[in-house]
Each structure stands twice: as structure tokens, then as C-alpha cells.
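Colleague: Could you take me through how to read the features of a model like this one, giving the general idea before each case?

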Amino acid sequence: MQIARLSRVTWINATQRLVSASCISFHALRAVRLKSDFPTRISNCASAMDSRNKVICLFDVDGTLTRPVQVIDTEIKNFLLSTLKPKTTIGLVGGSDMKKITHQMGGGDVWKEYDYVFAENGLVAFKNGEQIGEQSIQAFIGEEKLQTFINYCLGYLSKLTLPVKRGTFVEFRKGMLNICPVGRSCSQDERVTFTEYDREHKIRETFVADMKKNFSHYGLSFALGGQISIDVFPNGWDKTYCLQYLEKDNFQEIHFFGDKTDAGGNDHEIFNDPRTIGHKVTSPHDTKSQVVKLFNL
Ligand SMILES: [Mg+2]
């Protein structure tokens with residue numbers, strides 16, 4: 001036991017020296033993350049400009065940069081734009097549409113403030129203030145299948161009794177359907193009530209299992225989104241969709257930060273994608289402290 005512990009410490013120390021020695025490759029960093037709990041560091045890049053060209057920090061929005069459905073704290077926003085952006089490229093990737101991401105990020109021209117902004121998992125993509133991509137679920141799946149699926153969901157939801165039910169049970173987005181058993185127009189208190197009820201009764205998990213059973217042949221994926229809903233989208237249209245744009249720009253390290261990284265969460269795929277170095281966070285302040293550690297800020 002002691003020997004095993006010693007060799008692990010030695011391995012980590014050796015790795016630490018390796019990382020410190022140079023701005024090491026993405027693959028080596030990946031190995032570090034998989035083999036130890038030592039935080040992956042970016043150090044000794046030749047210059048800040050070097051780091052901006054080679055390294056990107058890609059952030060989930062809800063729960064990662066903002067508290068759930070809240071607007072970003074000024075302190076976190078200033079940290080991203082004034083402290084971090086001069087040192088590295090910054091991207092946002094959210095499941096919400098551009099309007100909601102803009103609101104949560106404090107308004108203004110969000111797509112110009114950050115180097116990359118990927119709304120709806122990247123189906124709407126911006127780089128340096130310009131739109132570089134757009135895709136839609138209806139174009140991909142076709143109206144007939146879409147309606148069959150929506151009708152099925154409304155039928156399933158009509159049979160559920162919950163603590164409260166409000167409105168907007170199916171929200172149609174460009175690249176996904178957001179299915180919400182309590183209804184998206186619920187109040188903050190009703191949202192909390194549903195979240196607790198869902199934790200105990202597994203409403204969303206059971207619904208997802210049912211949809212998987214009945215609609216796997218549609219090529220659809222299902223993920224728990226936020227506190228109250230389920231995201232439904234074509235296979236591969238999770239947050240990994242946005243990575244195609246970053247691959248083209250040849251980043252050596254793509255650091256992804258997200259709060260829903262466990263299986264079934266909407267950050268799970270991108271967190272585990274071999275192209276990224278994943279960082280699991282628990283709150284906006286945890287995100288900030290992990291970034292501070294990573295960059296020695
Ligand atoms: Mg999140």
C-alpha cells in the first residue's frame with residue numbers, strides 16, 4: 001500500500017516537472033488527467049500571445065459561469081474578460097439559444113466579447129463576432145418524424161401528476177427540443193419544488209428511459225438539461241458539435257469546464273471527449289478558482 005502510494009507520488013512529481021518544463025502537448029496533459037488527480041497546468045508557454053493561439057478555455061454557461069438560470073456575477077465576468085482573456089482564447093458553449101446566453105452573460109454584444117460563442121451546443125456558432133455556422137433540427141430530422149415525437153412527449157406528459165404544472169412543456173430550439181415536465185414558465189420556487197420532487201421520484205430519468213426505448217431508431221440523444229428539463233437532439237449534436245470549429249483552428253489544448261459532467265448530464269460527452277481536457281466544476285466560483293490554479297493567476 002505504502003509502496004503503491006509512494007510510486008504514485010513519484011509519478012505525479014515527475015509529471016509535475018514535465019508539465020512545468022514546457023507547454024506540453026494536449027495528449028500528455030490528457031494522460032496526466034487520466035492518471036492522477038493533479039490539476040493539469042498550462043505553464044511556461046513562450047508568451048501570452050503563444051498561449052492565446054494554442055490554448056482555449058471553453059466554458060459551459062449555466063451552472064458553470066452563472067448560478068442556475070441566473071445572470072453572471074460582475075466579478076466572474078470581469079475575471080473572464082480582464083484577467084483571463086489576455087492570456088488565453090475564451091469560448092462559451094451553452095445549450096440555450098443566443099438570446100438566453102446573452103441574458104445570462106449580462107447582456108451586451110456577447111458574441112463580440114468572447115472569442116467563440118456556441119449557442120445551442122454550437123449549432124449557432126460565432127467566432128470573433130461573426131457567425132460561422134448554423135444548423136437546424138427540422139432540416140435534419142424532417143417535419144413528419146418531428147411531429148410524431150412531439151405528440152408522443154405531450155401524450156406522456158399529459159399522464160404525469162406533479163406537485164405543480166405550468167406552461168411551455170416543449171420548447172423548440174434550432175438544434176434541439178427541450179422537454180420540461182413542470183413547464184418552463186414555472187416560477188423559481190416551483191422550479192426548486194420540481195427539482196426536489198424529481199430527485200426523489202426520478203421523473204426525468206424514467207421519461208428518458210422511455211424515450212430511448214421508443215425513439216432510438218430516430219437517431220436521437222437524450223440528456224438531462226439544467227434542473228427541470230430534458231434536451232433531445234440528433235446523435236452527436238451534444239456539446240461536442242462545437243469542437244469541429246475549434247479543430248479547424250488547431251488549438252493544442254481545449255480545456256472544457258462544465259458542471260453536468262456525469263453520465264446523462266449535458267456536459268458528459270464533451271467532458272469525456274478525447275479532444276478536450278475536462279474540468280468538472282460545482283459553481284461559478286469553483287470555476288474561477290480552478291482557472292486561477294490552472295494558469296497560476
Ligand atoms: Mg451547466
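Modeller: What follows goes from the sheet to a hairpin and then to the annotated residues.

This is a predicted model, in which local features need pLDDT of at least 70 and side-chain atom pairs count only at pLDDT 80 or more, while totals for chains, interfaces and linings use all residues. Residues are numbered from 1 along each chain as its sequence is written.

Colleague: In what order do the strands of the open sheet lie?

Modeller: Helices (H or I, at least four residues) and strands (E, at least two) are DSSP runs numbered from the N terminus, and two strands pair if DSSP finds at least two bridges between them. Here 7 strands make an open sheet with mixed pairing, in the order S5-S4-S3-S2-S1-S10-S11. Its edge strands, S5 (130-134) and S11 (277-280), each pair on one side only. For angles, axes are lines fitted to C-alpha atoms, for helices over the stretch in contact, and the values run from 0 to 180 degrees between N-to-C directions; with direction ignored, neighbouring strands of this sheet are turned by 20 degrees against each other on average.

Colleague: Which strands does helix H13 touch?

Modeller: Contact between two residues means that their C-beta atoms, placed from the backbone, lie within 7 Å. Helix H13 (residues 284-295) packs on the sheet and touches S1, S10 (253-258) and S11, and its direction makes about 155 degrees with that of S10. Elsewhere in the sheet, S2 and S3 (residues 116-119) run parallel and are joined by 3 bridges, with Phe118 in S3 as the bridge partner of Val93.

Colleague: How many bridges join S8 to S9?

Modeller: There are 6 bridges between S8 and S9 (residues 229-234), and these strands run antiparallel; the bridge partner of Phe222 in S9 is Val232. The hairpin has 3 residues between its strands, and Gly226 takes a positive phi near 60 degrees there. As for burial, a residue is buried if 20 or more other C-beta atoms lie within 10 Å of its own, exposed if 12 or fewer, and partly exposed in between, with C-beta atoms placed from the backbone. In S8 (residues 220-225), 5 of the 6 residues are buried.

Colleague: Which residues does UniProt list for "active site"?

Modeller: UniProt positions are given in the numbering used here, with shortened feature names, and annotations may be inferred rather than shown by experiment. The unreviewed entry lists Asp60 and Asp62. Asp60 is found in S1 (residues 55-60) and is buried because 26 other C-beta atoms lie within 10 Å. Leaving out residues up to four places away in sequence, the contacts of Asp60 include Val93, Gly94 and Asp267. Asp62 lies in the loop between S1 and H4 and also counts as buried, because 23 C-beta neighbours fall inside 10 Å. With the sequence neighbours up to four places away again left out, Asp62 touches Gly226, among others.

Colleague: Are Arg184 and Ser229 buried or partly exposed?

Modeller: Both belong to the "binding site" annotation of the unreviewed UniProt entry. Arg184, in the loop between S7 (177-179) and H9 (188-201), is partly exposed because it has 17 other C-beta atoms within 10 Å. Ser229 lies in S9 and is buried because 25 other C-beta atoms lie within 10 Å. Apart from neighbours within four places in sequence, Ser229 is in contact with Asn178, Ile179 and Cys180.
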